Structure formats: structure tokens, C-alpha cells
Amino acid sequence: MAGRVEALSIVDALALELRRRVFAGELTHEDALTEAEVSRAYEVARPTAKAAIEKLVGEGLLQRSAHKTARVPHLGPEDVRDIYRTRAHLESVVLRALAETRTAPPAAAAANAEIAAMTEADPLTVVEPDMRFHTALVDALGSPRTSRMFGSLVSEVRLCMVQVQGKQLLTTASIAAEHQQILDAVLAGDGEAAVEAITRHLGRARERLVAALGGNPGPEATLPEPA
């Protein structure tokens, strides 16, 4: 029997488009979104615009002021550090567990192969497969609660990644190379090597983004990228 095709409501379709623009870096914290502007730009009713904006507010992708103006959250250096360190702690636990059973999920390998083929592409196109790589690792643990914990970080992680890639702080080749190091360590059953690899991987991105946002970068910013 064929699967069911779920039709998107107008609200969902509009939220999807606004979400795409946020993740593509087309909307930043400098851009103000009001119900009236979204209604006019997309030719939808104001209640529809309001509902779509509220969806993204609920996801943490927009913040709404008392005057009904929504903006992409402005992440400062310490916000970036907190986001990256939180995910590093979570992913390190996951990698040690996966290494015990030498479980490297095919979905993570497929996502990284996609990244490796993007060396000539716009750096922002890496964001989506990069998220799929890390999400596949977490989901491979088979713990719905751990996946939900990681999912609660996803919106802010994406906002960071959009800036890392938009500012070209990492090369696509180095991202793919370090992802492969993580997978190889897991397959070899070496959890500590996997954790070291992801610590370098996330630490370099974190501190380079901190510097780009005007903060004082830590030594991880100068770590050499893998060939």
C-alpha cells in the first residue's frame, strides 16, 4: 500500500519558508519581522502570518518583542560557548556508547559523503547534511530521551552553524575529514579517540565563531584543520 502524503497547511508552509530563510542566513537579528510585513510579503491573512511567526518563536528561531516584532535571536560569544559545550558534553557520551558496540550509523556516513562532495558548493549548503550527521549519531544511541535533549538544542546549533559557514570559518573539506575521523574511531571501538576528534571539531568552530562575534577566542581557534 502506498504511503500517505501529508498536505501542508498554509501556516506550516509559511513557517517552513521563514525557517528556510533563517537557516540560509537570509534573516538575521538585524531584520525585524512583523505580522503586517509577513502578511503583505507572502499575501496571506494576518492571523496566518501570526501563527507562522509563533511557530518559529516556539522553536527558538525567533524572539518576539512586546510590540509584536520578531527577530532572529542575537547570539553573543558566551551564548555560543554554552551551546557548543552543551552539545559537546552530550555528543561525547553518545560517541563513547557507540564505540562500545562499534556502531557507526549508515545515515551519518551518507551525510558525510554528501558533505565531502560539496567542496565547490556554497558553504551554507553544508549546514543541512552537517546537522543530519550529528543527529544520526545521537539517534543511533536508541534513546528517545537523549534524542529529545539533543533536539532541544537543534535550533540554536543551526543558528551557530549558519554563522560559521556564512563567515567561512571552516573549510568543507576539513569538516568532512573530521567527521570521518569520528566515524573511524567509533568503528575501531576507540571511544576516547572519537571524543578527542569531536572535541577538536566543535572547539575550533566554537572559538572561531566567538572571535568573529567580537569575543576573545580560546586556543582552539588556532588548531590546524585536517588535510
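This is a predicted model: local features need pLDDT of at least 70, side-chain atom pairs count only at pLDDT 80 or more; totals for chains, interfaces and linings use all residues.

By class, the side of domain 1 touching domain 2 holds four nonpolar, two polar and one charged residues.

Now colour residues 10-71 as domain 1 and 77-222 as domain 2. Their C-alpha centres lie 28 Å apart. Show the contacts: seven residues of domain 1 meet five of domain 2. Look for salt bridges between the domains and the count is zero.

The whole structure has 17 salt bridges.

Select R64 and E54. Their side chains meet at 3.4 Å, N to O. R64 sits in strand β2 (residues 63-64) and E54 in helix α3 (residues 46-59), so the bridge ties together parts 10 residues apart in sequence. R64 is partly exposed at 23% relative accessibility, and E54 is partly exposed at 34%.

Next, pick R132 and E114, a salt bridge at 3.0 Å, N to O. R132 is in helix α6 and E114 in helix α5, so this pair ties parts 18 residues apart.

Then go to R204 and E178, paired at 2.7 Å, N to O. R204 belongs to helix α10 and E178 to helix α9, 26 residues apart. Buried or exposed? Both R204 and E178 are buried.

Finish with E78, R81, R206, E207 and E220: salt bridges with shared partners join these residues into one network.

Methods. Residues are numbered from 1 along each chain as its sequence is written. Side-chain values use heavy atoms; hydrogens and water are left out. Domain bounds come from an automatic or database domain assignment. Contact means heavy atoms within 4.5 Å. A salt bridge is a side-chain nitrogen of Lys or Arg within 4 Å of a carboxyl oxygen of Asp or Glu. Ala, Val, Leu, Ile, Met, Phe, Trp, Tyr, Cys and Pro count as nonpolar, Asp, Glu, Lys and Arg as charged, and the others, Gly among them, as polar. Helices (H or I, at least four residues) and strands (E, at least two) are DSSP runs, numbered from the N terminus. Buried means under 20% relative accessible area, exposed over 50%, partly exposed in between (1.4 Å probe, protein chains only).
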